[in-house]
Amino acid sequence: MSGVKTELHQLNTRLVWQGFKQLVPIAVFVIAFGIAFGLAATQAELSGSMIVVMSTLVFAGASQFAALELWGPQVPLFTLLITVFAINARHLLMGATLYPWLHHLSPAKRYSVMLVASDANWAMSIQAFSRGQPGFGLLLGGGLALWSFWVFGTWLGIYFGGAIQDPMSLGLDMVMGCFLLAMVVGGEKNLRMLLIWTIAAASSLMAYRYLPDNSHVLVGALAGGVVGLFWMEQSHEH
Amino acid sequence: MNIDTAGLGTLGVILAMALVTLATRWGGVFVMSFVPISYRVKQFINAMSGSVLVAILAPMALNGDNGARLALLTTAITMLVVKKPLPAIAAGVLAAAMFRQL
């Protein structure tokens, strides 16, 4: 077993390319979100070049849409940055959950692969690790697919934004939700996980309702994690 | 603090957003480098990784329209039966699209 384990964190061109290809079907839908973002950003009176710069450097769709809500001739910087932080705080958890494998990489590689971490490629990668397969090709290659398609979609939206009239009527707003749910359902299923998920969902909904905006992901995930601490799996390793 | 978005102001705001987002991508990894990976920590992390997804999805299901709910339900069932993500996602999106045409 230990021989297999040391291979899990491997990262080479072949794995990155495989990861890229595996995320392309999802990344195609990301183009549609990108178009929607590019269009909305032009309507918020951002210049074309600045919109592309934002998608390239920030690469976090939900927080970019939220920024548009606050955009105007004057931008409340502190409010904006708090909002961006709260929406993107789930990345903190993603980095932490990948750490058991990331710590085998050199710090330079470790922080480089995290540059493109986002929901879809993180979910694929953590699932691969839990199945005992190498996951960093999915994280990096998949991340590059999502990132490049996101920037490309943004660019399309700025110049050809009218093309997709109503993404909701095509169900395109549900792509990411369905993808993440497929990852949950495809993961390990037992009574312990069911309880963890139930507590996570309930805490998330309570936080969504009663706590400050955008705190629900952190609250739900941490609550689920704490349940996992109280009900530990039988150790297979010892 | 209000920033003028004329001239370089916009670029400044975007760079600040990028830095905050980068801090979230790196922060979790950085903090964990000070935490010994014990069995308890692994259990916590393992429970948390599924919970992140569930916590994103729960409000989506509660506040979404019936098209959104039908999409999620269809995806869950297809995934349980077929066990492949792409058909499950496609079925969910298709269900939302068809429901919303009604």
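**A tour of the salt bridges**

Start by selecting Asp119(A): at 14% relative accessibility it counts as buried (under 20% relative accessible area; over 50% is exposed and anything in between partly exposed, with a 1.4 Å probe and protein chains only). You are looking at a predicted model, where local features need pLDDT of at least 70, side-chain atom pairs count only at pLDDT 80 or more, and totals for chains, interfaces and linings use all residues. Residues are numbered from 1 along each chain as its sequence is written, chains are lettered from A and ligands numbered from 1 in the order written, and side-chain values use heavy atoms, without hydrogens and water.

Arg90(A) lies in helix H6 and Asp119(A) in helix H8 of chain A, so the pair ties together parts 29 residues apart in sequence (helices are DSSP runs of H or I, at least four residues, and strands are runs of E, at least two, numbered from the N terminus). Arg90(A) is buried too, at 11%.

Next, select Arg100(B) and Asp173(A), a salt bridge with its closest N and O atoms 2.8 Å apart. This pair crosses between chains, from helix H4 of chain B to the loop between helices H9 and H10 of chain A. Asp173(A) is partly exposed, at 29%.

Finally, bring in Asp65(B), whose salt bridge with Arg100(B) has its closest N and O atoms 3.0 Å apart. Together, Asp173(A), Asp65(B) and Arg100(B) are linked in a network of salt bridges.

Notes: A salt bridge is a side-chain nitrogen of Lys or Arg within 4 Å of a carboxyl oxygen of Asp or Glu.
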